[in-house]
Amino acid sequence: MAAKPKLHYPNGRGRMESVRWVLAAAGVEFDEEFLETKDQLQKLQDGNHLLFQQVPMVEIDGMKLVQTRSILHYIADKHHLFGKDLKERTLIDMYVEGTLDLLELIIMHPFLKPDDQQKEVVNMAQKAIIRYFPVFEKVLRDHGQRFLVGNQLSLADIILLQTILALEEKIPNILSAFPHLQEFTVKISNIPTIKKFLEPGSKKKPPPDDIYVRTVYNLFMP
Amino acid sequence: MAAKPMLHYFSGRGRMEPIRWLLAAAGVEFEETFIDTPEDFEKLRNDGSLMFPQVPVVEIDGMELVQSRPILNYNAAKHNLSGRDTKERALIDMYIEGVADVNEMILLLPISPPAEKDAKITLIKDRTANHYLPAFEKVLKSHGQDYLVGNRLSRADIQLVELIYYVEEIDPSLLTNFPLLKALKARISNLPTVKKFLQPGGARKPPVDEKILEKARKILKF
């Protein structure tokens, strides 16, 4: 029987959270080795486990995958979350890339200077409401289906849900002008594997706090 | 016969250049509509059905693709430059994401505040010499083949060689300790399609200069 995938990252969301979401949505159980000290990171680097000396790293199917997108694509391919043909795949790709641009703002937020953090929340909200949400609202409205692409769950749905929920933590009414996205959020959250991930006791990580920020600084700052 | 792909961008490298490299290497003739003024950009954004109001944009096979990665992914898949199975694709994905990380640093260098530029150049040199180039040299050494993955040309070779050219523009001595990478660069540069691209009159764009930068700044408003 294949070993479970093993995730190497600090004990927090960061760039690994999307991977946790997709594995969970695909119903794949996984283990985690949390990076807490510089020594642990050094050990991984010295042992040549990290292609570019960086994390995230996921041990899966005999490979040590690094780079978030590579990891996400591999899992999506393996678990039929990338559409049925190249055109669907490309649509999913574009939706995911747009969403990741937005998610990047959320990932970087805790590391901004405190004075800049509030300003950045406003920036995120604007980007979401003006540039990204209208696109997905229109897609859902136009085809009337439950999922963004090809009438089946894909990477695009999972990453968008992750991003919506993360934004709602900071801006609770961010979906107020987007009824189809509201419905989307409820429907995708109720998919059994995702519902389980959203319940307490799952591997979903809480919002970043001071401990997480300090851990990341200690790990990655020279 | 299918129309040639149409690239929409300003007349400089920026985020379109890897796409030009890939299409050229794949032997695909393409056309370019250069965005010369802010009005040109407005027209593009208001005109068609752009998913997100940004460039690069590539019109191809009846689609208007945005976001560099989906554009690259689509063309690589179409021209069999993405590997033959999921494992090859995962390897290629990792390699090109590493290349993209360094490219991003180099891309943003001209617009860094002058006070930060020296530190940024040092960082690029350090990362390239100590993380990225050694990783790729090691890959080539490990299997002794002419190409990074699967003993045949893939987008990983094309995108890495493009990066090698940029690294050499910053500091040719960075390549000193990497004979296999130098050989890869020569081999890829000598492919008939790539040779044509690199010749005067080919679609390759020159290094960024103040004039190009100012134009881009005015048009893209950064």
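This is a predicted model: local features need pLDDT of at least 70, side-chain atom pairs count only at pLDDT 80 or more; totals for chains, interfaces and linings use all residues.
Two strands count as paired if DSSP finds at least two bridges between them.

Strand β3 of chain B, spanning residues 57-60, has antiparallel partners in β1 and β4. With strand β1 (residues 6-9) of chain B, the pairing is antiparallel and runs over three bridges; here B:Met6 stands opposite B:Glu59 of β3(B). With strand β4 (residues 63-66) of chain B, β3(B) also pairs in the antiparallel sense, over four bridges, and B:Val58 faces B:Leu65 of β4(B) as its opposite residue. A hairpin is formed by β3(B) and β4(B), with two residues between them. In the turn of this hairpin, B:Asp61 has a positive phi of about 50 degrees.

Two packed helices are described by the angle between their axes and the distance between the axes. For helix α6 (residues 155-170) and helix α7 (residues 179-189) of chain A, the angle is about 110 degrees and the axes lie 10 Å apart. Because angles of 65 to 115 degrees count as roughly perpendicular, α6(A) and α7(A) are described as roughly perpendicular to each other. Their crossing is left-handed.

The contact itself can be followed residue by residue. From α6(A) come A:Asp157, A:Leu160, A:Leu161, A:Ile164 and A:Leu165, which meet A:Leu181, A:Phe184, A:Thr185, A:Ile188 and A:Ser189 of α7(A).

Notes. Residues are numbered from 1 along each chain as its sequence is written. Chains are lettered from A and ligands numbered from 1 in the order in which they are written. Side-chain values use heavy atoms; hydrogens and water are left out. Axes are lines fitted to C-alpha atoms, for helices over the stretch in contact, and angles run from 0 to 180 degrees between N-to-C directions. Angles under 35 degrees count as roughly parallel, over 145 as roughly antiparallel, 65 to 115 as roughly perpendicular and the rest as oblique. A crossing is left-handed if the near helix is turned anticlockwise from the far one by less than a right angle, and right-handed if clockwise. Contact means heavy atoms within 4.5 Å.
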